[in-house]
Amino acid sequence: MALFSSQRRRSPSTPSWRITLPSPLVWLSFLILFVLFSLLCFSLIDLDVFLRPPHPVSKVRRKIELEPKIPSILDREETVFRVANGGRSNTSNRLWRSKRASLFYGCSNSSNKFARAEVNTQPNRYLMIATSGGLNQQRTGITDAVVAARILNATLVVPKLDQKSFWKDASNFSDIFDVDWFISYLAKDVTIIKQLPKKIRRSKGNPYTMRVPRKCTPRCYQSRVLPVLLKKHVVELTKFDFRLANKLDTDLQKLRCRANYHGLRFPKSITWMGQRLVHRMKEKSGHFVALHLRFEPDMLAFSGCDYGGGEKEKGELGAIRKRWKTLHKNNPEKERRHGKCPLTPEEVGLMLRALGFGRDVFLYVASGEVYGGEETLAPLKKLFPNFYSKETLATKEELAPFSSFSSRMAALDYIVCDESDVFVTNNNGNMAKMLAGRRRYFGHKRTIRPNGKKLYSLFLNRANMSWEAFASKVRTSQKGFMGEPKEMRPGRGEFHENPSTCICELTEAEARDKKSLANKPSRKIGQGESSKEAEPVEDDSSDLEPDLSESDYVEDGLLSQRQLNETDADYSPFFQSEETELEDMLSD
C-alpha cells in the first residue's frame, strides 16, 4: 500500500499540467469558420456539371446563355453549353483584315498582243445571249458572253435577262445594269450594241437558237457555234450560264475581269439606295459584318437536309422538293456530314462568336424569307443584338421601287455585302462566289466561308464541351476558310470566285516602302509590270473542260493532299449535273 501510495503522490518538483477551457469568444470564432467552410463546399458541388461524364445529346436540353451564372442543382441537368459573355469583340486587325491583304491588288489590263475590237470584230456576225437564273447567275452569264463574243469575232447584242424562271423578275438589262457604261467601257475589247440593226431584223426574222455545253472551251465555240454563225449570221445562245470554260488564256481571263469588275455596274437608282444602306450601317459602327444567310425554304428543300423540325418540317420541305422531279432522295445525315447543308442561323452565330466577334458587332443580314421566321432567327439575334437588314435600315417607301423585283432587291444586298468589312457566306452559291472573287480583286477584304465538314461534328457534340474548348476547335477548323491571300490555289475553283489571273502581288521592294505605297493612287487595274502576277493558265485543248474540284483551299499558305481531300467539290453541291441545272433557281 505504501508503494502504491508513493506512486500516486506527486513530487513538488514535477510540473503541474492544468487543462483550461477556452473562452466563449474563441468558440464563436471556430463556429463561424466552420459555417463558412460548409458553404464553400456546398457551392463547389456545381462544378460536377463540368467534371462528370456528359449526358447523351438527345437527353440534354441545350441552352444559349449570354450572361454566365452558376447553375443550381435543379438546372444542372439542362444547362451544359454556355456561350461566354463576350461583350466586346476582338479588336485585332487580323480578325477584320488580313495583315497581307495590302500586298495584293487587281490587275486586268490587256497585253499588247490583244487586238482592239475594231480589228477583231468581223462583219455580219451577231451573238445574242439569253441568261438564266437570279442576279448573280445572270452576272456570270453576261461576263462570259463578252468573252464568247470575243472568241467568235462577233458583235454582242446586250444580253436578255431571265424573266420566266423561278425568280419571275420582269427587269430588263437596263433596269439592273448601266447599259451605256457597259457598252462604252468594253468598246476597246468587244463591239456591243443594244439591239440588232433593223435591216438584220427584217431580213433574218427570229434568230437561230442553240445551247452550248457547260464549260465550253474556245475550241468548243469555234467548232460548234462558229459554223452556224457564219451561215445564219445571227445566233442566240439560250440558258447561258456557266457555258464557258473555267480555264482560258491570260488575256481572255483578264477580259472576264474587266467585264465583271468594271464593265458591269448598277444604275444610279440602285447604287444610290445601296450606298445609303452602307452609310447607315457605318454610322452605327465603324466596322460591320455582312452575312448572306441563305436559309430560305427553297434552299433547305433542295438541300434535302434535316434541321430537327420533325414530321412538320419533313412535310413542308418535302412538298417544296417535289417541284423538282429529277431530284434523287438523299441521306440528310450524309449531306450534313459532307458539309453540304447550310448552317442554321444559330450555328452561324456560334461560329462567329467563337472566331472572336462579340455581341457588340453590328450584323447586316442579306436574306429572303427565313424558314421558321423569327423563331429561327431568335438565337442569332440573341448572339448579335445589333441585327439589321435592308428592311430595318430603310423605310417601305424607300424600298418601294425595288421590292417587287427580286434582282433589284438582291442588288441592294450585293452592294452592302461588298462594302462590308467582313463578308460571311452560308452556302457556296453564285452570290457567295461572285462576292468572294470581287473582294479578292479589290484588296482582299475578309470573306469567311464555313468549313461545313469540320464544323458539323463540333455542332453535334457542343453540349459535351466547354465554350473555351468549342471556340478553340472552331478557330482551328476555320483555318484556310478565312479569306486569306493565296488561301485558294491559283487556277482552282470557279474563276469568278478565284480570279487569280487578275490579281497581282507587290514585289518585296514595293512592300518595304509602305509609307510611299499608302500615298500612291489606287491600283485596281494594270500597273502590274513591275509586280509578280499569277502564272497564266493554258487553254485546254479539248472541246469540253474537265470538271475538276470546285474548291481547293490552303491552310497557312501550304496546300497538302489531305487538305485537297477535305476541301474539294463536296462543298459545292449545286454544280455537278448538266441534266438537272437546278442551280438556276437556288444558288443565288
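## Disulfide between cysteine 107 and cysteine 504

Cysteine 107 and cysteine 504 are joined by a disulfide, with their sulfur atoms 1.9 Å apart. Cysteine 107 is found in the loop between β1 (104-106) and α5 (117-120), and cysteine 504 belongs to strand β12 (residues 503-505), so this pair ties together parts that are 397 residues apart in sequence. The model described here is a predicted one.

The torsion about the S-S bond of cysteine 107 and cysteine 504 is about 90 degrees, so the disulfide is right-handed. Cysteine 107 has a relative accessible area of 1% and is buried. Cysteine 504 is likewise buried, with a relative accessible area of 0%.

## The other disulfides

The count of disulfides comes to four. When the bonded cysteines are counted along the chain, the disulfides follow the pattern 1-8, 2-3, 4-7, 5-6. One of the four joins cysteine 257 to cysteine 502, with sulfur atoms 2.0 Å apart. Helix α12 (residues 250-263) holds cysteine 257, while cysteine 502 lies in the loop between α24 (467-477) and β12, so the pair ties together parts that are 245 residues apart in sequence. The S-S torsion of cysteine 257 and cysteine 502 is about 95 degrees, so this disulfide is right-handed. Both cysteine 257 and cysteine 502 are buried.

Another disulfide links cysteine 216 and cysteine 220, with an S to S distance of 1.7 Å. The link of cysteine 216 and cysteine 220 has -95 degrees about the S-S bond and is left-handed. Cysteine 216 counts as buried at 0% relative accessibility, and cysteine 220 is buried with a relative accessible area of 0%. Cysteine 417 is a further buried cysteine, with a relative accessible area of 0%.

## A parallel sheet of five strands

Strands β4, β3, β2, β6 and β5 form an open sheet in the order β4-β3-β2-β6-β5, and their pairing is parallel. The edge strands are β4 (192-193) and β5 (208-210), each of which pairs on one side only. In general, the strands of a sheet pair through backbone hydrogen bonds, either parallel or antiparallel.

The individual pairings can be followed across the sheet. Strand β2 (residues 126-131) pairs with strand β3 (residues 155-157) in the parallel sense over two bridges, and leucine 127 has leucine 156 in β3 as its bridge partner. Helix α6 (residues 135-151) packs on the sheet, where it touches β2, β3 and β6 (234-240). The direction of helix α6 makes about 165 degrees with that of β2.

Strands β2 and β6 pair in the parallel sense over five bridges. Threonine 131 has phenylalanine 240 as its bridge partner in β6. Strands β5 and β6 also pair in the parallel sense, over three bridges, and tyrosine 208 stands opposite valine 235 in β6. Strand β6 is mostly covered, since five of its seven residues are buried.

Which residues of helix α18 are buried? In this helix (residues 373-383), the buried residues are Leu377, Leu380 and Leu383. Seen down the axis of α18, its buried residues fall within an arc of 100 degrees, so they line one face of the helix. On the other side of α18, Glu374 and Glu375 are exposed.

What do the buried residues of α18 pack against? Their neighbours are β7 (288-292), α17 (345-355), β8 (362-366) and β9 (387-388).

## The chain as a whole

The chain contains 28 helices and 13 strands. Of its 588 residues, 52% are buried. The chain exposes about 29300 Å², of which carbon and sulfur atoms supply 55%.

Contacts in the chain can also be described by separation along the sequence. Among the contacts with a separation of 6 or more, 80% are accounted for by residues 24 or more positions apart.

How values were computed:
Residues are numbered from 1 along each chain as its sequence is written. This is a predicted model: local features need pLDDT of at least 70, side-chain atom pairs count only at pLDDT 80 or more; totals for chains, interfaces and linings use all residues. Side-chain values use heavy atoms; hydrogens and water are left out. Buried means under 20% relative accessible area, exposed over 50%, partly exposed in between (1.4 Å probe, protein chains only). Helices (H or I, at least four residues) and strands (E, at least two) are DSSP runs, numbered from the N terminus. The arc is that of the directions from the helix axis to the C-beta atoms. Contact means heavy atoms within 4.5 Å. A disulfide is a pair of cysteine sulfur atoms within 2.5 Å. Accessible areas come from the Shrake-Rupley method with a 1.4 Å probe; for residues, only the protein chains shown count as cover. Two strands pair if DSSP finds at least two bridges between them. Axes are lines fitted to C-alpha atoms, for helices over the stretch in contact, and angles run from 0 to 180 degrees between N-to-C directions.
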